[in-house]
Amino acid sequence: MTRGIKNRQKAKNKNKAKKRGEASSSGPQIPVKVWQPGVDKLEEDEELQCDPSAYNSLHGFHIGWSCLSFDILRDTLGLVRTEFPHTMYFVTGTQAEKYSWNYIGIFKASNISGKRRELLPKHGSSDSMDDEDSDSEDDSEDEEEGGAGGPTLQLRRVTHEGCINRIRSMTQNPHICASWGESGYVQIWDMSAHLTALAETEIEGVQGVDAVQVPLQKFKHRDEGYAIDWSPLVPGRLVSGDCNNNIYLWEPTSAATWNIDKTPFTGHTGSVEDLQWSPGEPHVFASCSVDKSIAIWDTRLGRSPAASFEAHKADVNVLSWNRYYSIGFWCSINSISILYLLMLLYLIVLSRLVSCMLASGSDDGNISIRDLRMLKDGDAAVVARFDYHKHPITSIEWSPHESSSLAVSSADNQLTIWDLSLEKDEEEEAEFKARTKELVNAPEDLPPQLLFIHQGQKDPKELHWHTQIPGMIVCTAADGFNVLMPSNIQNTLPSEPEISSITS
């Protein structure tokens, strides 16, 4: 975000007239002021304006009621997609005004346009270029690949009793979804018919009437909850946690039935807020709670935690286990070339090294990163801690394509992206300032690991990286969804021609 004049067009026209009547000069330019949320204040004649050059892609949309939770569905459109426009499939749940108005939304967003931008602005050698040429050049730079207009939305709805607290799609079979409702029920749904219908039509808007569908299975907790997660290693294995401090294990007995052990996992003294299966151990999962702790569980060792430690000084709201190219990813590949196989083997080794990293976010805005290999005396070593956010952390997720990157959303209306591999480098900063002619003065007190700040959404609740579109993030908030791809997010994946042998 940058500061801007409210009536920009009037100021622009006035500036044009002034420049045409005066000789061009090489006087110093006024530096652009980077807006710091919670630090800077707006003057009466100022407003915040989004800088489109900071994004390769940025779109917003709404499906009706606000949604507290959603998930991105793995599709068959390509394992690694880099060319615009993009198409995505989602499943979400509403927070409607009335109990009976809620539904699960299965929708397709197509024509998500964008443009790959240069990390550094290009400056012309001539200072006497007139504004008309400059304006036309800016317009051409703003044109996005994928055609005019915003995303095209197609939506199908399944009625749901009460608000949906959280919803998750199974990694291996994305048409199977689990929903956590305010009624206290966790329900499993088969959305294959709706996904097939969306794939076969291009008609925009709501498709048909709200479907009344019977879930494959449902289980009543003693209280409502939010925590739920599918295993990335064992198809159909699920854990669900509630506000009554209990966690239940779902074991699949067939493709459409589950056995839920009536004896819960206990150990937390407060509401279980989030759950995450290990990306490398099929029997191990982690949980976090309002009791300020994180617990590590092994389903083979009974119903008590294998380890538990105080992770924050406030309620622990969310956690994310680094699933950088987890086993579930490899299982989605049917055929590969020898060259690509060698790269995959390298990534598998790297994924094993980072699968011990657990990130968590708390009610006081703190973000912590722990290395579970250094678990000692009931606690894991903190390898990084950030207190940039001053309001509750609402979502946190490691990037599936960059092992050291993660995204965070907070009740301070910010979505931030972090890269733990970055360090302050004065020589590099000096070179960058020279290349940009010091047009932007970055704040000195920002952590060097803070890579990007996205604003514009009200009360963001949950975010996810798209596992098949590197650098793409989707976030839901009280005022709708944002789809964004920051221009400074780089990835080490090969380009499309190198992976043409992959069949999704």
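A salt bridge is a side-chain nitrogen of Lys or Arg within 4 Å of a carboxyl oxygen of Asp or Glu. Side chains of opposite charge can pair when their charged atoms come close. The model on screen is predicted, so local features need pLDDT of at least 70 and side-chain atom pairs count only at pLDDT 80 or more, while totals for chains, interfaces and linings use all residues. Residues are numbered from 1 along each chain as its sequence is written, and side-chain values use heavy atoms, with hydrogens and water left out.

**Stop 1: Arg303 and Asp261**

Select Arg303 and Asp261, which form a salt bridge with their closest N and O atoms 2.5 Å apart. This pair links distant parts of the chain, 42 residues apart: Arg303 is in the loop between β20 (293–298) and β21 (307–310), and Asp261 is in the loop between β17 (258–260) and β18. Strands (E, at least two residues) and helices (H or I, at least four) are DSSP runs, numbered from the N terminus. Arg303 counts as partly exposed because its relative accessibility is 22%; Asp261, at 27%, is also partly exposed. Here buried means under 20% relative accessible area, exposed over 50%, and partly exposed in between (1.4 Å probe, protein chains only).

**Stop 2: Arg157 and Asp210**

Next, select Arg157 and Asp210, a salt bridge with 2.7 Å between the closest N and O atoms. Arg157 is in strand β8 (residues 152–159), and Asp210 is 53 residues away in the loop between β12 (205–206) and β13 (217–220).

**Stop 3: Asp75 and Arg81**

Now select Asp75 and Arg81, whose side chains meet in a salt bridge (2.8 Å, N to O). Asp75 is buried because its relative accessibility is 9%, and Arg81 is buried at 8%.

**Stop 4: a network**

Select Arg166, Arg168, Asp274 and Glu462 together to see a network of salt bridges. The whole structure has 13 salt bridges.

**Stop 5: Ser278**

Move to Ser278, in the loop between β18 (272–277) and β19 (284–289). Its side chain reaches the backbone nitrogen of Glu281 at 3.0 Å. Is Ser278 buried or exposed? Ser278 is buried, because its relative accessible area is 5%.

**Stop 6: Glu426**

Finish at Glu426, in helix α6 (residues 426–435). Glu426 counts as exposed because its relative accessibility is 63%.

Definitions and conventions:
A polar contact is a pair of N or O atoms within 3.5 Å; within protein, one must be able to donate a hydrogen and the other to accept it, and residues adjacent in sequence count only if both atoms are side-chain atoms.
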